[in-house]
Amino acid sequence: MSQKRALLMLSGGIDSVYVMYKALTEGRELHVHHIHLKNREGRVDAEARAVRRVLAWMRRNDLTNFRYTESFFDYGTLHWLPKDYWSYALHIGMIMSDPANRDMDSFLHPRHSDAFNLKGGKVTYEQASERANAALLGIPSLMARREIKMELPIGDMTKAEVIEACPPDLLRLAWYCRRPVKYGSTFQICNECFTCKQVADSVYRRKVTGR
Ligand SMILES: [Zn+2]
């Protein structure tokens, strides 16, 4: 594995938060980028809050070997739900195209071994990976006009293993619900979406609540 500086797209969710922690504790230098991704699921504010808290946690724990940037992307009146990785591919391409980032040629992708919602049964993990990889590697490579590579630091871990490995006080700051419900200035998880169900099935509750 190359130990050059690498790009991480930080959503504020458990997986990207853990990958940031893992890479920095292993001594990797990162460029961390957050997209304020506004879609009809309405999780943009919950994610932004998680990112602010996570960055503060990293700095408090002397994990400071990263540069942070952010951007805003709004799907506006498109009323279907585009895939998150399409926006990631575009932004990875823009960041890699910056002449100041010519030293980077890879990004850390926080995909674990049960990353895709395959309940419909029409697509296998391999097929879903292949589609995502084609966009995540092809678009940035075309834009930056060099070969952009993907590293999968948690590719052989399950969601439950990621949660087990993450420090509890960091885990508590990460956001995971895809369709949060807003009550005044706070957010509640929906308990119904794909990631809520994954987390409910895992060790998350025991780890965060001690019960
Ligand atoms: Zn949810």
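Visitor: Which residue in β2 does L7 stand opposite?
Guide: In this predicted model, strands β1 (residues 6-9) and β2 (residues 30-38) pair in the parallel sense over four bridges. Two strands pair if DSSP finds at least two bridges between them. Strands (E, at least two residues) and helices (H or I, at least four) are DSSP runs, numbered from the N terminus. Opposite L7 stands H31.

Visitor: What pLDDT do local features need in this predicted model?
Guide: Residues are numbered from 1 along each chain as its sequence is written. The model is predicted: totals for chains, interfaces and linings use all residues, side-chain atom pairs count only at pLDDT 80 or more, and local features need pLDDT of at least 70.

Visitor: Are the residues on the two faces of β1 buried or exposed?
Guide: In a regular strand the side chains alternate between the two faces of the sheet. A residue is buried if 20 or more other C-beta atoms, placed from the backbone, lie within 10 Å of its own, exposed if 12 or fewer, and partly exposed in between. In β1, A6 and L8 lie on one side, L7 and M9 on the other, and all are buried.

Visitor: What is the hand of the β-α-β crossover from β1 to β2?
Guide: The chain leaves β1, passes through helix α1 (residues 14-25) and reaches β2. A crossover is right-handed if, with the strands pointing away from the viewer, the path from the first strand over the helix to the second runs clockwise. This crossover is right-handed.

Visitor: Which residue in β4 stands opposite L8?
Guide: β1 also runs parallel to strand β4 (residues 106-108), with two bridges joining them. L8 stands opposite V32 in β2. In β4, L8 stands opposite L108.

Visitor: Which strands are the edges of the sheet?
Guide: The open sheet has five strands in the order β3-β2-β1-β4-β5, with parallel pairing. Its edge strands each pair on one side only: they are β3 (66-74) and β5 (149-151).

Visitor: What is the average twist from one strand to the next?
Guide: Angles run from 0 to 180 degrees between N-to-C directions, and axes are lines fitted to C-alpha atoms, for helices over the stretch in contact. In this sheet, the twist from one strand to the next averages 30°.

Visitor: In β3, which residue is the bridge partner of L37?
Guide: β2 is mostly covered, with seven of its nine residues buried. It runs parallel to β3, and nine bridges join the two. The bridge partner of L37 in β3 is F73.

Visitor: What angle do helices α3 and α4 make?
Guide: Two packed helices are described by the angle between their axes and the distance between the axes. For α3 (residues 84-97) and α4 (residues 125-144), the axes are 8 Å apart and the packing angle is about 25°.

Visitor: Why is α3 called roughly parallel to α4?
Guide: Angles under 35 degrees count as roughly parallel, over 145 as roughly antiparallel, 65 to 115 as roughly perpendicular and the rest as oblique. The angle here is about 25°. That makes α3 and α4 roughly parallel.

Visitor: Which residues of α4 meet α3?
Guide: Two residues are in contact if their C-beta atoms, placed from the backbone, lie within 7 Å. The α3 side includes Y85, W86 and Y88. These and others in α3 meet A132, A135, L136, I139, P140, M143 and A144.

Visitor: Where is D62?
Guide: Most residues other than glycine have a negative phi, and most peptide bonds are trans. D62 is not a glycine, yet its phi is positive, about 60°. D62 counts as exposed because it has 8 C-beta neighbours inside 10 Å. Its place is in the loop between α2 (44-60) and β3.

Visitor: How many Å apart are R102 and A144, C-alpha to C-alpha?
Guide: R102 lies in the loop between α3 and β4. R102 is exposed, with 11 other C-beta atoms within 10 Å. In sequence, R102 and A144 are 42 residues apart. In space, their C-alpha separation is 9.1 Å.
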